[in-house]
Amino acid sequence: RHCKQMVVSIFNNLSFVTGILKKLISKQIWNDKSLWQGFLKCIQATLPHSVQVVLSLPSQQFEEAIATVPKLIEPVVIHCASNKSLVPVGLRAAISKLLEEHKSLLTKDGVAEEQ
């Protein structure tokens with residue numbers, strides 16, 4: 001909750017906020033349902049800057065985050081399509097599935113189509 005308030009009031013401190021979010025991953029924040037929901041709200045509020053944080057999640061939590069916050073899909077797909085070598089080994093299967101399911105978000109070059 002506090003991180004989300006900070007994002008709203010001090011949008012320029014995104015690297016600080018994403019650092020906190022990464023630390024929360026190391027504390028397995030998903031084990032506390034209430035904190036996990038707040039974490040996901042912070043991730044959504046800091047998009048696209050939080051894509052790297054999302055990619056730091058274990059596979060099961062990554063898939064839960066994508067299912068819970070559909071707004072994560074487009075920035076994750078775009079980032080991973082253009083940075084395939086940076087996709088963590090533990091997420092490659094989930095990312096491949098996501099890229100296949102949402103390839104309509106991409107052009108041949110792996111860049112988002114202009115609306």
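**Entry 1: the model.** I noted at the start that this is a predicted model.

Entry 2: Which residues of α5 are buried? I found Q61, F62, A65 and I66. Their arc around the axis is only 140°, so they sit on the same side of α5. I then turned to the other side of α5, where Q60 and A67 are exposed. Next I asked what the buried residues of α5 pack against. My list reads α3, α4, α6 (73-82) and α7.

**Entry 3: α5 against α7.** Two packed helices are described by the angle between their axes and the distance between the axes, so I looked up both. Helix α5 covers residues 59-68 and helix α7 covers residues 92-101. Their axes come within 9 Å and cross at roughly 25°. Angles under 35 degrees count as roughly parallel, and therefore α5 is roughly parallel to α7. I also wrote down that the crossing of α5 past α7 is right-handed.

Which residues meet here? From α5 I have F62, E63 and I66, and from α7 I have A94, I95 and L98. Sorted by type, the residues of this contact are five nonpolar, no polar and one charged.

**Entry 4: S50.** My last stop was the loop between α3 (33-45) and α4 (51-54), where S50 lies. Is S50 buried or exposed? S50 is buried, because its relative accessible area is 0%. Leaving aside neighbours within four places in sequence, I found S50 in contact with T18 and I43.

Methods. Residues are numbered from 1 along each chain as its sequence is written. This is a predicted model: local features need pLDDT of at least 70, side-chain atom pairs count only at pLDDT 80 or more; totals for chains, interfaces and linings use all residues. Side-chain values use heavy atoms; hydrogens and water are left out. Helices (H or I, at least four residues) and strands (E, at least two) are DSSP runs, numbered from the N terminus. Buried means under 20% relative accessible area, exposed over 50%, partly exposed in between (1.4 Å probe, protein chains only). Contact means heavy atoms within 4.5 Å. Axes are lines fitted to C-alpha atoms, for helices over the stretch in contact, and angles run from 0 to 180 degrees between N-to-C directions. Angles under 35 degrees count as roughly parallel, over 145 as roughly antiparallel, 65 to 115 as roughly perpendicular and the rest as oblique. A crossing is left-handed if the near helix is turned anticlockwise from the far one by less than a right angle, and right-handed if clockwise. Ala, Val, Leu, Ile, Met, Phe, Trp, Tyr, Cys and Pro count as nonpolar, Asp, Glu, Lys and Arg as charged, and the others, Gly among them, as polar. The arc is that of the directions from the helix axis to the C-beta atoms.
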